[in-house]
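Here's a quick walk through one protein chain. Have a look at the model first, then read on.

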Amino acid sequence: AAAAAVALLVLLAACGGPGAAGQKRKEMVLSEKVNQLMEWASKRSVIRMNGDKFRRLVKAPPRNYSVIVMFTALQPHRQCVVCKQADEEYQILANSWRYSSAFTNRIFFAMVDFDEGSDVFQMLNMNSAPTFINFPAKGKPKRGDTYELQVRGFAAEQLARWVADRTDVNIRVIRPPNYAGPLMLGLLLAVIGGLVYLRGSNLDFLYNKTGWALAALCFVLAMTSGQMWNHIRGPPYAHKNPHTGQVSYIHGSSQAQFVAETHIVLLFNGGVTLGMVLLHEAATSDMDVGKRKIMCIAGIGLVVLFFSWLLSVFRSKYHGYPYRYVSF
């Protein structure tokens, strides 16, 4: 019996003991998981996961890689417009990483659709989409590992900054070529060239003050309403509360906005501008006094109404702002 015990001890020592065997098995499992993810990533930049894949490759240890997961609802019957818009930007980010010279197995991009992994949504107590979560290589996700979509928007560049902050992996976003701008510029130049050809030497229309004033006004209204901010940040059109179903068109923070909010502010600015134009015409035109009075009253009404609405929007975003024009 003593000889058998000594032989067992010698055998365990030769194999490294139970701890070494467990470590070897853990390394084998990790290697299999990484190889599987690399194989899928070589075929598709964003790996689609169901409940089983998510639990095995993302939740279960061991793991020495980070996984950025987009929880979404892309099926048409879900009618999630924001999900489709966010998915486009997410695909751009994942493709930028997949085809980068710095691509490694340190980080993977995945997606869980509600209709393919509703059990994952229940497991994480998640009731809204789209949502981006970073599952770090070590430990559980912390508060900062959930992306603040309402504050940052879902533009690929913003997502890349968040990924760099959470994983130390810097991704240079490369967007596919967009020919819409050059095509529109070419169309505009063609229209101008056609007008010049048709009008011949009569180029008085190029000196039309009203036309240039309208063009400049449209540009100013678009810029002051935040259209450029939308182009850079890529915010959602509006927000629907998943609990109450209420749709918000005005963002409650002064640091963000919705696309619908831009359109609303543009409309209000346009109403104020129209009121000012009517007041100017009432004061300078040669029409009879009755029509000028009507124009004056209409102008004052437009200015008061739309400027009051603008202040209401401002008060809703800058809480505590004490001034108002007319109560709404």
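Predicted model: local features only at pLDDT ≥ 70, side-chain atom pairs only at ≥ 80, totals over all residues.

Residues are numbered from 1 along each chain as its sequence is written, and side-chain values use heavy atoms, with hydrogens and water left out.

The protein chain has twelve helices and six strands; helices (H or I, at least four residues) and strands (E, at least two) are DSSP runs, numbered from the N terminus. Of its 328 residues, 33% count as buried, where buried means under 20% relative accessible area, exposed over 50% and partly exposed in between (1.4 Å probe, protein chains only). Among contacts (heavy atoms within 4.5 Å) with a separation of 6 or more, 65% are between residues 24 or more positions apart.

The UniProt annotation "transmembrane region", from an unreviewed entry, covers residues 179-198, 210-229, 264-282 and 294-314; such annotations may be inferred rather than shown by experiment. In the model, residues 264-282 are 100% helix, with end C-alpha atoms 27 Å apart. Residues 294-314 are also 100% helix, and there the end C-alpha atoms lie 30 Å apart.

Now for the greasy bit: F219, V220, M223, M228 and I232 make a nonpolar surface patch of about 480 Å². Patch residues have over 30% relative accessible area and no salt bridge, and nonpolar side chains (Val, Leu, Ile, Met, Phe, Trp, Tyr) are joined within 5 Å. Helices α9 (209-224) and α10 (227-233) each supply at least two of the residues, with the largest share, three, coming from α9. M223 sits in α9 and counts as partly exposed because its relative accessibility is 34%.

Buried residues of α7 include L159, W162 and V163.

Just after α7 comes D168, with its positive phi.

| Residue | Phi | Relative accessibility |
|---|---|---|
| Q79 | about 55° | 69% |
| D168 | about 65° | 61% |

Q79 lies in the loop between β2 and α4 (81-98), and D168 in the loop between α7 and α8 (180-199).

Finally, the peptide bond from P61 to P62 is cis, as is the bond from A129 to P130. P62 is in the loop between α3 (51-59) and β2 (66-72), while P130 is in the one between α5 (118-123) and β4 (131-135).

Key
Patch = residues over 30% accessible without salt bridge, like charges linked within 9 Å, V, L, I, M, F, W, Y side chains within 5 Å. Areas by Shrake-Rupley, 256 points an atom, 1.4 Å probe, with all protein chains shown as cover. Salt bridge = Lys/Arg side-chain N within 4 Å of Asp/Glu carboxyl O.
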